[in-house]
Amino acid sequence: MTKRHGYALLAAILAVVVVLSAAIYIGVAADDGSEAKAAVASGRTSHDAAPASTGTWVGAWSASPVGPEPGTEPDGLAGRSVRNVVHTAAGGTGARITLSNLYGQQPLVIAHATIAVAATANNAAATADTMRRLTFGGATTVVIPVGRQVMSDAVRVRIPHGVDVLVTTYSPTPSGPVTYHPHAQQISYVADGDRTEDVSAAPYTEQSPYWRYLTALDVLSDDATGTVVVLGDSLTDGITSTVGANRRWTDVLSERLSASAGSGDTPRYSVVNQGISGNQVLAAGLGRPADNPSGLSRFGRDVLDRTNVKAVVIDLGVNDILRNPAQVDPNTVTDGLRTLVQQAHARGLRVIGATLMPFQGHRGYTDARDAVRQAVNAEIRAGKVYDAVVDFDAALRDPYNPRRLRPDYDSGDHLHPSDKGFRRMAEVFDLKELKGSVPAEL
């Protein structure tokens, strides 16, 4: 039987499965971040029951779905195992994941999924005694409809803080395009066939700079009591940070919180990164659903619906200035930011906002655009936008030319920081500002 005929036979069989399973979908969520059990297709198992221990569910890692992966139409990654490598911002005794088919054009069949702690950093090999098969509503196979997401059942496994975790999925049939997050700054892996439970790295011969399908990892934590969500653009996505080194400013912030947790007024929070490179407050990309959705359109999904959110950090606005030549009114940007803050306040969440860093020397720089940036910063510093302010502009600008990044904080493109610059961003963050809430607006 040829590969094409094999796909056709599998597709026919699974088409029947999809039809039958439509009657037994259990709360499959639209890809708006709402928590849900998965659509059950087949393969019930009682293996790896949900955690019996106590704790608090928090976000240990997340990434925003950005668009359809180029070149994955129409087959997606049929017949292949995708091993995503993610780094934890909190530890715990249990785990669950969220998978997305937001940009798919047909139902995505996940026949098998696993989670394991990596044996070493930046490697596809798993620590053998941590390999767990994931289930969805009690079944090992799940069908994710177009534009939807599913959350797995909880599984008992010890996940340490600050380690790499391997989340592996296998899809037997064409389901492209693949929902993905580019600029992961982390190498993940792909293998032919169903190698989801392999602890060895040997089958995973293909490397990937993307995260695919996976959008969240939650843990039943014994060291964190809530989640800080950071909404941002490439400066938060960390696209100029060292690959595989976890040197985004949010990674450093997470380590600071972990090291200081419980001392003084420092809260016990994890940090999840919802940065998208090129993201704007107001404008989204093309397509339905839109590629690179605006901050306003994704705030509910990527912030409010994250697990056990306690505080929000926003670092957006520079792309609204850089990518819109006609944008001369800073009030347009600040009004958009205030709308985000109002949405957070309606949920009783405190919002810390960042000033916009300088970019003279970047190809998009003009004096007019810098004037807009400075006007936005003036409103932010005056306390007219956020509940509290972290002044990244003051921390990273060149003291001899405030329109530029300080040379050792500059990655070289005059817009994005170096590893040292990212660390400086986290170092000037006042951890105590994360504590407290805002009365919900009725």
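What is the volume of the largest cavity? The largest cavity has a volume of about 250 Å³.

## Basis of the model

This is a predicted model, in which local features need pLDDT of at least 70 and side-chain atom pairs count only at pLDDT 80 or more, while totals for chains, interfaces and linings use all residues. Residues are numbered from 1 along each chain as its sequence is written, and side-chain values use heavy atoms, with hydrogens and water left out.

## Cavities

Rolling a probe the size of a water molecule over the atoms shows where empty space is left. A search of the whole structure finds 3 cavities of 30 Å³ or more. Here a cavity is a set of points, on a 1 Å grid over the protein atoms alone, where a 1.4 Å probe fits but cannot get out, and lining residues have an atom within 4 Å of a point. Grid points are joined across faces, edges and corners, and a volume is the space filled by probe spheres set on the points.

The largest cavity is lined by 20 residues, and Trp 61, His 87, Arg 248, Asp 251 and Asn 273 are those that lie nearest its centre. Two or more lining residues come from each of strand S3 (56-62), helix H3 (249-260) and strand S20 (269-275); helices (H or I, at least four residues) and strands (E, at least two) are DSSP runs, numbered from the N terminus. The lining of the largest cavity divides into 7 nonpolar, 9 polar and 4 charged residues. In this classification Ala, Val, Leu, Ile, Met, Phe, Trp, Tyr, Cys and Pro count as nonpolar, Asp, Glu, Lys and Arg as charged, and the others, Gly among them, as polar.

## Largest pocket

The largest pocket has a volume of about 200 Å³. A pocket is an open set of points with protein on both sides within 12 Å along at least five of seven lines. Its lining comprises 13 residues, of which Asn 319, Arg 323, His 362, Arg 363 and Leu 415 lie nearest the centre of the pocket. By class, 3 of the lining residues are nonpolar, 7 polar and 3 charged.

## Packing around helix H6

The axes of helix H6 (residues 330-345) and helix H7 (residues 367-381) come within 9 Å and cross at roughly 40°. H6 is therefore oblique to H7. Axes are lines fitted to C-alpha atoms, for helices over the stretch in contact, and angles run from 0 to 180 degrees between N-to-C directions; angles under 35 degrees count as roughly parallel, over 145 as roughly antiparallel, 65 to 115 as roughly perpendicular and the rest as oblique. In the contact (heavy atoms within 4.5 Å), Pro 330, Val 333, Thr 334 and Arg 338 of H6 meet Val 372, Ala 375, Val 376 and Glu 379 of H7. These residues divide into 5 nonpolar, 1 polar and 2 charged.

Helix H4 (residues 295-304) also packs with H6, their axes coming within 10 Å and crossing at roughly 30°. This angle makes H4 roughly parallel to H6. From H4 the contact takes Gly 295, Leu 296, Phe 299 and Leu 304, and from H6 it takes Gly 336, Thr 339, Leu 340, Gln 343 and Ala 344. The contact of H4 with H6 has 5 nonpolar, 4 polar and no charged residues.

## Helices H3 and H9

The axes of H3 and helix H9 (residues 419-427) come within 8 Å and cross at roughly 45°. H3 is thus oblique to H9. Trp 249, Val 252, Leu 253 and Arg 256 in H3 meet Phe 422, Arg 423, Met 425, Ala 426 and Glu 427 in H9. By class, 6 residues of this contact are nonpolar, none polar and 3 charged.

## Backbone features in loops

A cis peptide bond, with omega about -5°, joins Gly 176 and Pro 177. Pro 177 belongs to the loop between strand S13 (164-171) and strand S14 (179-181). Arg 288 and Pro 289 are likewise joined by a cis peptide bond, with omega about -5°, and Pro 289 is found in the loop between S20 and H4.

His 183 has phi near 55°, a positive value in a residue other than glycine. The loop that holds His 183 runs between S14 and strand S15 (188-192).
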